[in-house]
Every structure is written in structure tokens, then in C-alpha cells.
Amino acid sequence: MFQSDEAGVYAVVQASALRRVFAFGVLFALGALVIYTALVQPPAAIWMVFMIGFGTGALWLAEKMRRATLSVIELTDTEIRDSNGNVLARMDEILAVDRGAFAFKPSNGFTLKLKTKKPRAWAPGLWWRFGRRVGVGGVTSAGQAKFMAEQIALRIAAS
């Protein structure tokens with residue numbers, strides 16, 4: 001296994017700058033275009049409310065993703081956490097790592113299967129947690145995610 005840095009971090013996964021900018025741009029453009037269309041060519045009242053709500057939701061999601069992808073996911077001896085202090089999973093809770101081609105996982109990422117259910121959480125474009133699964137990936141670097149998944153798999157096999 002590899003040595004940790006001075007902070008005890010073995011592997012890091014962060015958002016790729018180009019993917020981050022592209023994803024934010026697409027969500028922002030979608031929200032702005034839907035709101036613009038609703039205001040310039042007003043449809044029936046119910047559709048206008050729907051379109052403005054949808055556009056506002058897309059803008060909110062774009063901002064949430066922009067903020068979430070500023071953080072970094074770190075692997076330590078005891079846990080996987082993000083740089084905001086959120087613990088995704090503890091190492092003793094992980095049963096398996098799933099990163100196959102047909103796995104239910106984020107783009108450029110992997111999924112962890114946990115022993116117990118955890119509360120739902122989501123950092124758009126970076127990670128999600130639902131029930132007994134944690135997904136890492138999205139707008140992240142594929143190489144970094146693969147390295148972290150292999151490190152976790154080695155630690156599971158060693159224990």
C-alpha cells in the first residue's frame with residue numbers, strides 16, 4: 001500500500017475543472033433558457049408557473065453543484081470524507097467496492113456497499129449516499145476515482 005501524506009490522506013478525488021465548468025454551464029443555461037422562454041412567450045398560467053419553477057430549480061441545482069465541487073474527497077485510515085468534514089463512510093462499515101462497467105455508479109466513479117443504512121446526503125457532481133450505498137464520482141477525474149477505489153478494495157481484502 002501507499003504511504004499517506006502528512007495529514008494522513010492516502011488518496012484524493014476532486015472535480016475536474018473542465019467537467020465542472022461544463023456541467024455548471026449546462027445547468028445554468030437550461031435554467032436561464034426555461035425562465036426566459038416562460039417570460040418572453042408566456043404559455044397558459046399553469047405552464048408558466050411550472051416553467052419558472054423548473055428554471056429556478058435548475059439554477060438552484062447549478063449553484064449547489066458549483067459549491068459542492070469546490071470540496072475534495074479524501075481517503076484516510078479510518079474513513080472517507082470530504083474536505084467540508086462530512087464523513088461519507090467509515091472504513092469498518094464498507095462491505096465492497098463496485099466499479100464495474102454495468103454497476104449502478106456515478107460517471108467516472110465507484111459505489112461503496114455499506115453494512116448498515118446511513119442518512120441520505122448529496123453533493124451534486126461529487127458524491128451521494130442513499131441507504132446502504134455511497135456513490136463517488138460525477139464531474140471527478142476518472143484516474144483519481146479508480147485509484148481510490150483500488151485502495152479501498154485493497155484495504156477491504158486485507159482486513
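Is asparagine 108 buried, partly exposed or exposed? Asparagine 108 counts as partly exposed, at 24% relative accessibility. Here buried means under 20% relative accessible area, exposed means over 50%, and partly exposed lies in between (1.4 Å probe, protein chains only).

This is a predicted model: local features need pLDDT of at least 70, side-chain atom pairs count only at pLDDT 80 or more, and totals for chains, interfaces and linings use all residues. Residues are numbered from 1 along each chain as its sequence is written, and side-chain values use heavy atoms, with hydrogens and water left out.

**Overall architecture**

- The protein has three helices and seven strands. Helices (H or I, at least four residues) and strands (E, at least two) are DSSP runs, numbered from the N terminus.
- The order along the sequence is β-α-α-β-β-β-β-β-β-α.
- The C-alpha trace spans about 60 × 30 × 30 Å along its principal axes.
- Of the 159 residues, 36% count as buried.

**Helix pair H1 and H2**

- Helix H1 covers residues 17-40 and packs against H2 at an angle of about 160 degrees, with the axes 8 Å apart. H1 is therefore roughly antiparallel to H2.
- Axes are lines fitted to C-alpha atoms, for helices over the stretch in contact, and angles run from 0 to 180 degrees between N-to-C directions.
- Angles under 35 degrees count as roughly parallel, over 145 as roughly antiparallel, 65 to 115 as roughly perpendicular and the rest as oblique.
- The H1 and H2 crossing is left-handed. That term applies if the near helix is turned anticlockwise from the far one by less than a right angle; clockwise is right-handed.
- Threonine 56 sits in helix H2. Its relative accessibility is 42%, so threonine 56 counts as partly exposed.
- Threonine 56 and glycine 31 are 25 residues apart in sequence, yet 6.2 Å apart in space, C-alpha to C-alpha.

**Nonpolar surface patch**

- Leu30, Ile46, Trp47, Phe50 and Phe54 form a nonpolar patch on the surface. Together they have about 550 Å² of accessible area.
- Patches take residues with over 30% relative accessible area and no salt bridge; like charges are joined within 9 Å, nonpolar side chains (Val, Leu, Ile, Met, Phe, Trp, Tyr) within 5 Å.
- Accessible areas come from the Shrake-Rupley method with a 1.4 Å probe; for residues, only the protein chains shown count as cover.
- Helix H2 (residues 45-68) gives the largest share of the patch, four residues.
- Phenylalanine 50 is found in helix H2. It is partly exposed, with a relative accessible area of 48%.

**Salt bridges**

- Side chains of opposite charge can pair when their charged atoms come close.
- The whole structure holds eight salt bridges. Each is a side-chain nitrogen of Lys or Arg within 4 Å of a carboxyl oxygen of Asp or Glu.
- Glutamate 63 and arginine 67 meet at 2.7 Å, N to O. They are four residues apart in helix H2, so about one helical turn separates them. Glutamate 63 is partly exposed at 25% relative accessibility, whereas arginine 67 is exposed at 55%.
- Arginine 155 pairs with aspartate 77, with the closest N and O atoms 3.7 Å apart. This pair links distant parts of the chain, 78 residues apart: arginine 155 is in helix H3 (residues 142-158), and aspartate 77 is in the loop between strand E2 (72-75) and strand E3 (79-82). Arginine 155 is buried at 14% relative accessibility; aspartate 77 is partly exposed at 48%.
- Glutamate 93 pairs with lysine 118, with the closest N and O atoms 3.3 Å apart. This pair also links distant parts of the chain, 25 residues apart: glutamate 93 is in the loop between strand E4 (87-90) and strand E5 (94-98), and lysine 118 is in strand E6 (residues 110-123). Glutamate 93 is buried at 16% relative accessible area; lysine 118 is partly exposed at 23%.
- Glu74, Glu79, Arg81 and Arg90 are linked in a network of salt bridges.

- Valine 87 is placed in strand E4. It is partly exposed, with a relative accessible area of 32%.
- Valine 87 and isoleucine 73 are 14 residues apart in sequence and 9.5 Å apart in space, C-alpha to C-alpha.
- Asparagine 108 lies in the loop between E5 and E6. Its phi is positive, about 55 degrees, although it is not a glycine.
- Most residues other than glycine have a negative phi.
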